[in-house]
Amino acid sequence: QFSKEDISSWPFWKIGDGYAARGLAYSIIKSGQEAEADFVRGLEWTSEKRLRNSIRHLLGNNREHNLKDDEAALAAYQSVIDDSQRLDSADQFLSVQGAARILARRGKFDAAITTLRKVDLSKQGGYWRGSMLLMIGEIQLTAGRKDEATATYKSVIADEEIDVRQRKLAEEALAKSRT
């Protein structure tokens, strides 16, 4: 609906938001090149750190899933997490997982797990703790480290702060790893 909109004519304080929103719409409909262009323009007009991280994460996601460019996606994800003193937002956590996913696909399992462990799991509870640990377990299993994966999955199952659905996923993964 807004593909022909001249966002550059908007008030300067809304241009970044406009490009980011349209880029997200393009990304959702799998128009990767258009999404890329709008996300890059959005970054040019955005100075607020959290919004910049959000756009960078979306840029990484678009590059990974729509453009199938893991190198560029990894760079975008790392730009979200590398300049941060601490990781505490969903965009940062999702970027950590995106970077780890790409590293694991490349067979760089230690680097993938190290990336995931940039999130201080001792300070995370609930969904994010469970999500990170499930991904660590999956990478450990893929790397052939069955004993480590078993221990990770058991820690998820035993942690009552983790969502029951994630504990069930850990149980299923543990059962599957035994077959």
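1. **K68 and its loop.** K68 sits in the loop between α3 (49-65) and α4 (70-81). The model is a predicted one. The phi of K68 is near 55°. That is a positive value in a residue other than glycine. Most residues other than glycine have a negative phi. K68 counts as exposed, because its relative accessibility is 63% and the cut-off for exposed is over 50%.

2. **K30, another positive phi.** Look next at K30. Its phi is positive too, at about 65°, although K30 is not a glycine. K30 lies in the loop between α1 and α2 (32-44). Is K30 buried or exposed? Its relative accessibility is 62%, so K30 counts as exposed.

3. **The overall fold.** Now step back to the whole chain. How many helices and strands does the protein have? There are nine helices and zero strands. Read along the sequence, the pattern is therefore α-α-α-α-α-α-α-α-α. The C-alpha atoms fill a box of roughly 60 × 30 × 30 Å, taken along the principal axes.

4. **Burial and surface.** The protein has 179 residues, and 47% of them count as buried.

5. **Contacts along the chain.** Take the contacts between residues at least 6 apart in sequence. Of these, 45% join residues at least 24 apart.

6. **Charge.** The count is 28 positive side chains and 27 negative ones. How far apart do the centres of the two sets lie? They lie 3 Å apart.

7. **Aromatic pairs.** The structure holds three aromatic pairs. One of them joins F12 and W13. Their ring centres are 5.3 Å apart and their planes stand at 90°, so the pair is edge-to-face. F12 is exposed, with a relative accessible area of 58%. W13 is exposed as well, at 59%. F93 and W128 also form an aromatic pair, and this one is tilted. Here the centres are 5.0 Å apart, with 55° between the planes. F93 belongs to helix α5 (residues 90-105) and W128 to helix α7, so the pair ties together parts that are 35 residues apart in sequence. Are F93 and W128 buried or exposed? Both are buried. F93 and W128 also belong to one aromatic cluster with Y127.

8. **R22, a buried arginine.** R22 is in helix α1 (residues 12-28). Its relative accessibility is 13%. The cut-off for buried is under 20%, so R22 counts as buried. Which residues does R22 touch, not counting those up to four places away in sequence? They are F2, S3, K4, E5, I7, D38 and R41. R22 is thus a helix residue with a buried side to its description and a list of partners that includes D38.

9. **D91 and its partners.** D91 lies in helix α5, the helix that also holds F93. Leaving out residues up to four places away in sequence, D91 touches R50, N53, S54, H57 and V80. Consider N53 among them. D91 and N53 are 38 residues apart in sequence. In space, their C-alpha atoms are 6.6 Å apart. S54 is another partner of D91. A polar contact of 3.5 Å joins the side chains of D91 and S54.

10. **S122, in a loop.** Where is S122 placed? It is in the loop between α6 (109-116) and α7 (126-142). S122 counts as exposed, because its relative accessibility is 63%. The side chain of S122 makes a polar contact with the side chain of D120, at 2.5 Å. S122 can also be set against Q85. The two are 37 residues apart in sequence, and 16 Å apart in space from C-alpha to C-alpha.

Definitions and conventions. Residues are numbered from 1 along each chain as its sequence is written. This is a predicted model: local features need pLDDT of at least 70, side-chain atom pairs count only at pLDDT 80 or more; totals for chains, interfaces and linings use all residues. Side-chain values use heavy atoms; hydrogens and water are left out. Helices (H or I, at least four residues) and strands (E, at least two) are DSSP runs, numbered from the N terminus. Buried means under 20% relative accessible area, exposed over 50%, partly exposed in between (1.4 Å probe, protein chains only). A polar contact is a pair of N or O atoms within 3.5 Å; within protein, one must be able to donate a hydrogen and the other to accept it, and residues adjacent in sequence count only if both atoms are side-chain atoms. Contact means heavy atoms within 4.5 Å. Lys and Arg count as positive and Asp and Glu as negative; His and the chain ends are not counted. The place of a charge is taken as NZ of Lys, CZ of Arg, CG of Asp or CD of Glu. Rings of Phe, Tyr and Trp (its six-membered ring) pair if their centres lie within 6.5 Å; planes under 30 degrees apart count as stacked, over 60 as edge-to-face and the rest as tilted.
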